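Student: Could we go through the charged side chains of this model together, with the criteria stated as we go?

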Amino acid sequence: MKERRIYISGAISGTNDYMERFADAEKELENFWSVINPARINSNMPDDTQYEEYMKLSTCLLDMCDAIYMLNGWQQSCGANREYGYALAKGLKIIKE
């Protein structure tokens, strides 16, 4: 039975392979969840989008979810740590890779 929605969280800034890592996670999760992949969503944002605007978007997307999926290495990402804290405060289910 598919649960409602899950948000993928992990390092994006300063990494070269984030699109692949997020896509792999999405593929793995989509059999059980409706998946929100912020890496794919962010790739459609204007080039002048600022970091704090991406973070505002991430909280809006997290508000649509029941769970968050933390990719390996998330602890080294400021943004993923913020998303983790937000998800924790909202009482979302937290799943780690």
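Student: Is Arg21 buried, partly exposed or exposed?

Tutor: The model is a predicted one, in which local features need pLDDT of at least 70 and side-chain atom pairs count only at pLDDT 80 or more, while totals for chains, interfaces and linings use all residues. Residues are numbered from 1 along each chain as its sequence is written, and side-chain values use heavy atoms, with hydrogens and water left out. Buried means under 20% relative accessible area and exposed over 50%, with partly exposed in between (1.4 Å probe, protein chains only). Because its relative accessibility is 21%, Arg21 counts as partly exposed.

Student: Which side chain does Arg21 meet in a salt bridge?

Tutor: A salt bridge requires a side-chain nitrogen of Lys or Arg within 4 Å of a carboxyl oxygen of Asp or Glu. The partner of Arg21 lies 3.1 Å away, N to O, and is itself partly exposed, with a relative accessible area of 39%. That partner is Asp17.

Student: Which residue forms a salt bridge with Arg82, and in which helix is that residue?

Tutor: The closest N and O atoms of Arg82 and Glu52 are 3.0 Å apart. The pair links distant parts of the chain, 30 residues apart, with Arg82 in helix H4 (residues 78–90) and its partner in helix H3 (residues 51–63); helices are DSSP runs (H or I, at least four residues), numbered from the N terminus. The residue asked for is therefore Glu52, in helix H3.

Student: How many salt bridges does the structure hold?

Tutor: Besides the pairs above, Lys90 and Asp63 meet at 3.5 Å, N to O. The structure's salt bridges number five.

Key:
Helix = DSSP H or I, 4+ residues; strand = E, 2+ residues; numbered from the N terminus.
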